[in-house]
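Work through the exercises below with the sequence and the model in view. Each task is followed by a solution in steps.

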Amino acid sequence: MGEDQRNQVSVQPGRPTLIAPGHTFASVTDKISSIVLTRRTPLFWFVPFLIASALVMVFLAAVAYLFIRGVGIWGIKVPVMWGWAITNFVWWIGIGHAGTLISAILLLLRQSWRNSINRFAEAMTLFAVACAGMFPLLHLGRPWLFYWLFPYPNSMGVQPQFRSPLVWDVFAVSTYATVSALFWFIGLIPDLATLRDRARNRWARATYGILAMGWRGAASHWQKYETASLLLAGLATPLVLSVHTVVSFDFTVAIVPGWHSTIFPPYFVAGAIYSGFAMVLVLAIPLRAMYGLEDLITMRHLDNMAKVMLATGEIVAYSYLFEAFISWYSGNRFEIFSMWNRMTGPYAPTYWLLIFCNLVFPQLLWWKKIRTNIVWLFVMSLDILLGMWLERYVIIVVSLSRDFVPSSWGYYWPTIWDVATYVGTIGLFFFLFFLFIRSMPMISIFEVRTLLPQAEVTEGVEK
Amino acid sequence: MRAPVYGLMAEFENPTTLAAAARQVREKGYRRVEAYSPFAIEEVNEALGLHHNRLPFIVLCGGILGGLTGYLMQYYIAVIDFPINVGGRPLHSWPSFIIITFELTILFSALATVLGLLGLCGLPTPYHPVFNVPRFAQASRDRFFLCIEARDPLFDRHDTAVFLTSLHPREVTEVAH
C-alpha cells in the first residue's frame, strides 16, 4: 500500500477519480462514521431488517423441526442424499469468495478502488461462510455431534479419515472462516479507534474503545500494521483459491459420472468469484443509494465489479462448454449419458435455465451502457446468483439421481423444509449484514482517506 | 527519575508538513519520536527510520509450526494411533495429507500475524498518555501529530518546545503522564 496507490489518484487525470472531488479527511470520516454513530435508526434500515428477522424465525423453526425429526424432513433420499443442503453450502461458500478476493487479491495487485468496497465485502464473506457452515452441520443427521469431525483424543477410539475430501473440507472451511474473521477484525481496528474518538454516547465509546484496543495511529504501529495487512493478504490469497478447490474435491474425488473431472477446481473457483461479485453488487447498489454513498462507491467501482463478473463469467462459460465436450470426447458411455441426461432428462429445464442465466444473459455485460446502468446491473446480479445456485443443483442432484445402474436411479424433489432452511439462511445473512452496517463502519475509513489527493506527501522528503 | 511530562506533542495540518517535521526532528538528533496519523504515511516511516520489523519472521515461524503440526498430526493418527488397512494401501499416504497440512500452515501463520502484530504494537493498551492531549482525538480523523518523548536524551522541556514551534505546527502541547 501507500505511495503508488495514493499517486494513482493524481497521476491519471484522464480517468474519473475513485472518490468524488471535494472530499477531505474530515468529510469522509464524518460521513462514514455518522452512519454508525447517529442516534436515529433510519426507516429504510428497519424494514429490510424486520423482514430478515422474520426469515431468521423461519430458519429457527426449520432447524428446530429438523432437530426433532431428523434429515428425513428434507427431500433427500437414495440415491440423492445431498440435495439442497449441499447445493446451498457450495452456493454460500462461493459467495464468500468475492470478499476475500477484494480484500486480499486486489490489495496485492494494488487495485486501490477496492478500498471503498472491501469492508462490507469482507463482512459479506463472514456471514456467507456462517450460512454455508450451517448446511453440512445440519446435514450431519446429528448436528450436536459436529465436533466428531475434528481429531481429538476420545474414549471411542476412533479418528477422522484424513484421506477423505470431506475431512479436508472441515479444515478448509474452518480455516477460511477463522482467517476471514481475523483479516476483517484487523482491518477494522483503526476505524474502531475513529469511532471511539468520535462517539458521544458513553456506552458506544466504551465498546469501541475496548474493541480498538488502544490503537492510536502511531507511525511505528502503522508500519507493522501495513506489513500485517500484506502478510494476511498473501496468506488469504492461496487460502481462498484452496477453499473452493477443496469443495470441488468433494465431487471430483468421487467416481460419479458428471463429478469425476479435473476441470472442477478452477471452474469452481471462477464460479465462486462470479457469484460473489454478484452478491457484492446486490448489496452495494441499494446501500449506496440508501445511505447516499454514491461519491464513495462510484460508477467506476460498479463498472469494475461488472468487468470482474464478466471475466469470471467467461471462464465459467468456457468450463461449461468444455465439460460437455470432454464428456463426449471421453467415449465413456456413462459420462456421455450424464451430460445427455442433464440436457434432455427430467431436470433439463434447470440445465437450460442455468445456461441462460450464467452463459447467455451475462453477455450483455460487454456493453458499457449495461455495466453503468444500476438497474440492469442489479437484475444481472440476481440472475447470476440464481444461475450459480442452479449450477450446483444440476451438478449435485442431476448427477446423483442417475448414475451407473438404471435400477438404482431415483428422482429428487425438495420439500417445504428444504425451502424454509434455504430461505432462512438468506434471512440470517441479511439479518447479520444489517446489524453490521448499523454497528460498524461499512466502508473502510482509513483506506478511503488514502485515496484522497491530500493524502499524498507533496514535497520531496525522501532523503 | 520519572520525567515530569511524557513528552511534547506538535499538531500538523497535513501529511506533508508532518513528514517534513519528522525529518527535521530526526536530523536534529532526537530518537524517541513518534508520529500519529489517521492513515499510514510511508514518508513519515522513512523520516523516522522505521524500515524493518520482526513480523515476517514471526509469521514464518507460525507457518512452519502450522505445517509441521498438520502433517505430524495426520501421520500420527493415520499411521500410529488409528491405522486402517484399505486393501493393503500404504498407511503413510502423504499426498492425501497435503491439503490439511496446507490449511494448518495458513491458519497458524494468520494467527501468528495477528498475535505478532498485537504483541509488537503492545496492544491492547488500556492507558496511554497521548490521549491526555485534548485534541488528540483528531488523530483518528484528519490531524497529524508528532511527539518527542521525555525519555529522549536531548529532551528539554523548554528547548524542545521552542524547536517544535519552529517547525510551524498548529500548536505544541505538553503531554501529561
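**Exercise 1. The largest cavity**

Task: Describe the lining of the largest cavity by residue class, then find which residues and elements supply it.

Solution. Keep in mind that this is a predicted model.

Step 1. Sort the lining by class: the largest cavity has seven nonpolar, five polar and five charged residues.

Step 2. Assign the lining to elements. Two or more residues each come from α4, α5, α6, α8 (219-252) and α16 (445-449) of chain A. The largest share, four residues, is that of α6(A).

**Exercise 2. The second largest cavity**

Task: State how many cavities of 30 Å³ or more the structure holds, and describe the second largest cavity.

Solution. 

Step 1. Count: there are six cavities of 30 Å³ or more.

Step 2. Take the second largest cavity, with about 80 Å³ of space. Among its 15 lining residues, Trp215(A), Arg216(A), Gly217(A), Ala139(B) and Ser140(B) lie nearest the centre.

Step 3. Find the main contributor: α6(A) gives the most to this lining, with five residues.

Step 4. Sort by class: the lining of the second largest cavity has seven nonpolar, four polar and four charged residues.

**Exercise 3. The largest pocket**

Task: Which elements give two or more residues to the lining of the largest pocket, and how is that lining divided by class?

Solution. 

Step 1. Start with the space, which is about 560 Å³ in the largest pocket. The pocket is lined by 21 residues, with Pro136(A), Leu137(A), Leu149(A), Leu166(A) and Val170(A) closest to its centre.

Step 2. Name the elements: α4 (83-108), α5 (118-138) and α6 (165-198) of chain A each give two or more residues. The largest share of the pocket lining, seven residues, comes from α6(A).

Step 3. Divide by class: 16 residues of the pocket lining are nonpolar, three are polar and two are charged.

**Exercise 4. A residue in a surface patch**

Task: Is Val158(A) buried, partly exposed or exposed? Locate it and name its patch.

Solution. 

Step 1. Locate Val158(A) in the loop between α5 and α6 of chain A.

Step 2. Compare its accessibility with the limits: buried is under 20% and exposed is over 50%. Val158(A) has 39% relative accessibility, so it counts as partly exposed.

Notes
Residues numbered from 1 in each chain as written. Chains lettered and ligands numbered in written order. Predicted model: local features only at pLDDT ≥ 70, side-chain atom pairs only at ≥ 80, totals over all residues. Heavy atoms only, no water. 1 Å grid on protein atoms, 1.4 Å probe; cavity = no way out; pocket = protein on both sides within 12 Å on 5 of 7 lines; lining within 4 Å. Points joined across faces, edges and corners; volume = space filled by probe spheres on them. Nonpolar A, V, L, I, M, F, W, Y, C, P; charged D, E, K, R; others polar. Patch = residues over 30% accessible without salt bridge, like charges linked within 9 Å, V, L, I, M, F, W, Y side chains within 5 Å. Areas by Shrake-Rupley, 256 points an atom, 1.4 Å probe, with all protein chains shown as cover. Salt bridge = Lys/Arg side-chain N within 4 Å of Asp/Glu carboxyl O. Buried < 20%, exposed > 50% of the residue type's maximum accessible area, 1.4 Å probe, protein only.
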